[in-house]
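Please read them with the structure open beside you.

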Amino acid sequence: DLESTASGDAPVARPGLVSPITDGVVVAACMIADHLNAALIVVETHSGRTATALSNQRGGTLILALAHDLATVRSMALLWGVMAERMPDAPNRAQFRDFILQWGRARGLIASGSRIVLIRGSDPQDPTHNELEVFEAP
């Protein structure tokens with residue numbers, strides 16, 4: 001499921017089937033976002049698979065998909081309801097949340113009290129996205 005990038009750099013995983021765990025987290029995230037009228041769903045992804053699964057749900061909440069690889073970011077930019085960006089250098093959760101809040105506020109998407117749903121994997125060595133977090137903007 002790996003392909004070489006156009007420049008011949010390291011292989012990049014492309015969107016495909018997601019694990020049942022990731023699929024369950026995606027469905028739950030969309031339900032939570034809808035129930036809470038969340039301003040944003042944020043997903044950290046390596047391959048773009050989870051962003052694709054979120055896009056396929058066709059929910060009403062904007063999705064911010066973050067990846068380190070530029071080719072993955074470019075491919076996710078074509079997904080329905082997804083805004084794709086490079087993953088910020090944020091060494092801890094507080095700095096990562098700050099990035100999300102600044103990104104959303106700069107675009108008029110997040111105000112004080114807005115709810116954000118975040119999907120990520122708890123273990124970088126495990127490709128499943130099994131962590132779901134919901135927080136409110138201060």
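1. Basis. This is a predicted model, in which local features need pLDDT of at least 70, side-chain atom pairs count only at pLDDT 80 or more, and totals for chains, interfaces and linings use all residues. Residues are numbered from 1 along each chain as its sequence is written, and side-chain values use heavy atoms, with hydrogens and water left out.

2. Strand β6. Helices (H or I, at least four residues) and strands (E, at least two) are DSSP runs, numbered from the N terminus. Strand β6 spans residues 115–120, and five of its six residues are buried. Buried means under 20% relative accessible area, exposed means over 50%, and partly exposed lies in between (1.4 Å probe, protein chains only).

3. Partners of β6. Two strands pair if DSSP finds at least two bridges between them. Strand β3 (residues 40–44) pairs with β6 in the parallel sense, over four bridges. There, V117 is the bridge partner of I41. Strand β7 (residues 131–136) pairs with β6 in the antiparallel sense, over six bridges. Here I119 has L132 as its bridge partner.

4. Helix α2. The rest of the structure largely encloses α2 (residues 49–56), because seven of its eight residues are buried. Among the buried residues are R49, T52 and L54. Just after the helix, R58 takes a positive phi of about 55°.

5. The structure holds eight salt bridges, each a side-chain nitrogen of Lys or Arg within 4 Å of a carboxyl oxygen of Asp or Glu. One of them joins R93 and E131, with the closest N and O atoms 2.7 Å apart. R93 lies in helix α4 (residues 93–106) and E131 in strand β7, so this pair ties together parts 38 residues apart in sequence. R93 is partly exposed at 46% relative accessibility, whereas E131 is buried at 17%.

6. R97 and E133 meet in a salt bridge at 2.3 Å, N to O. R97 sits in α4 and E133 in β7, so the pair ties together parts 36 residues apart in sequence. R97 is partly exposed at 33%; E133 is buried at 14%.

7. Between β6 and β7. R115 forms a salt bridge with E136, the closest N and O atoms being 3.0 Å apart. R115 is in β6 and E136 in β7, 21 residues apart. R115 is partly exposed at 31%, and E136 is partly exposed at 45%.

8. Network. Which residues are linked in a network of salt bridges? They are E44, R93, R97, R120, E131 and E133.
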